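Colleague: Before we start, could you take me through this model feature by feature, giving the general idea and then the case at hand?

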Amino acid sequence: MLILFIVLSVALAAAVIVGARLMLLLHRFTPRSIPVLPNDIEQLPTVSVCIPARNETHAMTQCLERVVASTYPKLEIIVLDDSSVDNTSILIKSFAHAGVRFVEGSPLPEDWLGKTHSEQGLFKEASGDYILYLDVDTHLSPRSIDHIVAAALVEDASMVSVLPTRDDAWRASVLFATLRHFWAVITHRKKHPAVTSNTWLVRKDMLADTYGGFEQLRMAVAPESIIAAYTAKNHRYRFFISTPEMGVSYEKKWKSQCETSIRLLFPFFGGRVIFALAGLLALGLFLIPFAVVTYSVVFSLWTDVSTLAFAVCCTLLIIYMMYTRRIWKSGWLVGGILFPFILIQEAVLLIRSMYAYITRTVTWKGRPIIQSARAAAEGK
């Protein structure tokens, strides 16, 4: 009983620390006001919106409809179809009248990962001063690109990444969303800044001079993380959580979220088993209070330890609700209550990610990622 009391006390202390950090970072990453673009169009940089696509018929049309509606005046839109076996290429070509340029992806070389190779193909095609990489699941409002570019200009940033909000509430894909973006926020630090792959803007000349586009990042599962760390070191990186005014949101199926987490979680921990086990230990530490409370209620054995466990549970639920209330348009309360189930899901995904990399069976869009997680995290 004493050991359990100590464990719960440690869990409470850790929860308070995480909560305080989350509150600080949510405030820090939420823009109080959105900068506006200069009135003189001649002063504006050109922007290439680059979208890699592979078997995306479920989301391609909606994504392009929103990008085409953008009010940014100096814009080109390029979509690369990476060997899709569905009607993705047909959907992309149907937007040619709206100025969308279709690029057919080349065969994947052995020493490249699929998405990174697509991003390199888009890099070669892009002519803009900035490149805005978008996932197909990302939705933009008409003025989103205006706001992102204005933020880059005002902040003198070489790279800007935006965490999108969720507008598609009351779906399993939202209520049981993985914690990938949650981890990105609370683990933010200068050497490993928060970043998302959904929406990120980068200066093309910096990307070319530093990495040869993606030549030096060809085996990175998350090249945007490496680029963000480099620009943050030079104080030229900014991360924002989208607001209604910024208008960046996304929809992603639950299965796709799980597949993405399996691909990214173990590399997120540096591809090291000891760090991944530490992550599992932290998840277990936060699950113990819920187990204690459940046991106490089911068997009517309420004690002082049960009360402490209940306090830890309430603290953890409030912490996650702070996050869901900021990121979700609605349903955040129910999502917060589901937090213990999300923790269990995240532990399972981390175990699966670790196992997949150790056994070299991890895949992305049907293609194998055969190198170690450590190499994938470092882009080697």
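Colleague: Over the ring of which residue does the charged end of Arg166 sit?

Modeller: A word on the source: this is a predicted model, in which local features need pLDDT of at least 70 and side-chain atom pairs count only at pLDDT 80 or more, while totals for chains, interfaces and linings use all residues. Residues are numbered from 1 along each chain as its sequence is written, and side-chain values use heavy atoms, with hydrogens and water left out. A charge sits over a ring if NZ of Lys or CZ of Arg is within 6 Å of the ring centre and within 35 degrees of the ring normal. Here the charged end of Arg166 sits over Tyr250, 4.4 Å from the centre of its ring, and Lys93 lies over the face of Phe102, at 4.7 Å from the ring centre.

Colleague: How many aromatic pairs does the structure hold?

Modeller: Rings of Phe, Tyr and Trp (its six-membered ring) pair if their centres lie within 6.5 Å, and planes under 30 degrees apart count as stacked, over 60 as edge-to-face and the rest as tilted. The structure holds 14 such pairs, among them Phe182 and Trp183, edge-to-face with 5.4 Å centre to centre and 65 degrees between the planes.

Colleague: Why is the pair of Phe182 and Tyr320 edge-to-face?

Modeller: Their ring centres are 6.0 Å apart and their planes stand at 75 degrees, so the pair is edge-to-face. The pair links distant parts of the chain, with Phe182 in helix α7 (residues 180-186) and Tyr320 in helix α12 (residues 304-327), 138 residues apart; helices here are DSSP runs (H or I, at least four residues), numbered from the N terminus. One aromatic cluster is formed by Phe182, Trp183, Tyr320, Tyr323 and Phe339.

Colleague: Is Phe182 buried or exposed?

Modeller: Buried means under 20% relative accessible area and exposed over 50%, with partly exposed in between (1.4 Å probe, protein chains only). Phe182 counts as buried because its relative accessibility is 4%, and Tyr320 is buried too.

Colleague: Which residues line the second largest cavity?

Modeller: On a 1 Å grid over the protein atoms alone, a cavity is a set of points where a 1.4 Å probe fits but cannot get out, and lining residues have an atom within 4 Å of a point. The second largest cavity, about 80 Å³, is lined by Val18, Phe182, Trp183, Leu283, Phe286, Leu316, Ile319, Phe339 and Leu343. A volume is the space filled by probe spheres set on the points, which are joined across faces, edges and corners.

Notes. Helix = DSSP H or I, 4+ residues; strand = E, 2+ residues; numbered from the N terminus. 1 Å grid on protein atoms, 1.4 Å probe; cavity = no way out; pocket = protein on both sides within 12 Å on 5 of 7 lines; lining within 4 Å.
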